[in-house]
Amino acid sequence: MRRRVIAGNWKMYKTLAETRAFFSAFAPLVANSKHCDIVIAPPFTAISTAAEAAKNTNIAVSGQNISWSKEGAFTGEVSATMLVEAGCRYVIIGHSERRQLFRESDDSVAKKTLMALGAGLIPIVCVGETGEDRDAGLTEEVLRRQFSGGPGALTPEEFSRILIAYEPVWAIGTGRTATPEIAADAHRLLRRCAGERFSVPIASALRILYGGSVKPDNIKGLMAQEELDGALVGGASLDPKSFASIVNFTA
Ligand code: PEP
C-alpha cells in the first residue's frame, strides 16, 4: 500500500508573519493525522521560518523550484543544497506555471530533478496537459512526452525516489477539478509509462499526486480512487482550516 502525501503549494503568497500564523493554527489541526505525509511549500523567503515552525511536528517543508546548477553566476536562482540548508525535504519541479510562464522544458525538469536527488531532496515532478491538448485528444501524447523527457530520463534507482504530480493545467486555479475518473485514467497512464520504462514493481511503488482545484469538498471523492496517492493543493492550502480538512479527508 502506497503512503499518501498531501502537499500545499503556497506559490507567491505569505509573509513571514503570515507563515508563523499559519503554522500556529495548522499544526494542532493535523497533529494526529498519521495516514499521510504532510508537506508545505512556502515561497523561498519563508522556508526557514516555516522549517522552524514545523520543528517537532509531522509537517515537512518543500521548495517550489530549484536551479539546475549546483552554484554559480545565476542571478535570482536558488540551489538544491541551499534548500536543504534552509530546512526543505521536498521540492516541486516543473510546475505548469514554471513551464508556461518561465519556459521550463522537460530537459530542465530532468536536470533539476537530478540536482534535487543529489542533494537528498524528494522531488515532486509535475506533469499535465493543457485544456487545448485535452480538447485536441493529445493528453496521452503530452503526458508520455513529459514523462519520457523528465522522470523517464532517470535511472531506476533515481526514479524510485521521486513523486509525480499529475496536474492538468486546465484544472489549476480554475475551480474546474478533474473528475476522479479523469484523474485516475491519467494516473494509470503515467504508471503504465513507468512500467514500460522501468519495471512493474517500480511503477507500482510510484506515488502519483493529483493537483488542480482540490478543495475540502472534493478531496474525499478524489481519494476514493486507489490510483490517487495524494494531492498537490494550491489555493486551498493557504487557509489552515481548509488545508487541515483536506489533510484529514478520512475524518
Ligand atoms: C497548484 O498550484 O499546484 C494547484 C493545483 O493549484 P490549485 O489547487 O489552486 O488549483
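Tutor: Happy to. A residue is called buried under 20% relative accessible area, exposed over 50% and partly exposed in between (1.4 Å probe, protein chains only). The model is predicted, with local features needing pLDDT of at least 70 and side-chain atom pairs pLDDT 80 or more, while totals for chains, interfaces and linings use all residues. Numbering starts from 1 along each chain as its sequence is written, and side-chain values use heavy atoms, without hydrogens or water.

Helix α1 (residues 16–30) and helix α2 (residues 47–54) have axes, fitted to C-alpha atoms over the stretch in contact, that come within 9 Å and cross at roughly 20 degrees on a 0 to 180 degree N-to-C scale. The two helices are therefore roughly parallel (under 35 degrees; over 145 is roughly antiparallel, 65 to 115 roughly perpendicular, the rest oblique). Leu16, Thr19, Arg20 and Phe23 of α1 meet Thr49, Ala50, Ala53 and Ala54 of α2. By class, this contact has five nonpolar residues (Ala, Val, Leu, Ile, Met, Phe, Trp, Tyr, Cys, Pro), one charged (Asp, Glu, Lys, Arg) and two polar (the others, Gly among them).

For another helix pair, take α7 (residues 139–149) and α9 (residues 180–197), whose axes come within 10 Å and cross at roughly 45 degrees. That angle makes α7 oblique to α9. From α7 the contact draws on Glu140, Leu143, Arg144 and Phe147, and from α9 on residues including Ala186, Leu189, Arg192 and Glu196. Seven residues of the α7–α9 contact are nonpolar, five are charged and none is polar.

Stepping back, the protein has 12 helices and eight strands, and 55% of its 251 residues count as buried. Of contacts between residues at least 6 apart in sequence, 72% join residues at least 24 apart. Along its principal axes, the C-alpha trace spans about 45 × 45 × 35 Å.

Key
Helices (H or I, at least four residues) and strands (E, at least two) are DSSP runs, numbered from the N terminus. Contact means heavy atoms within 4.5 Å.
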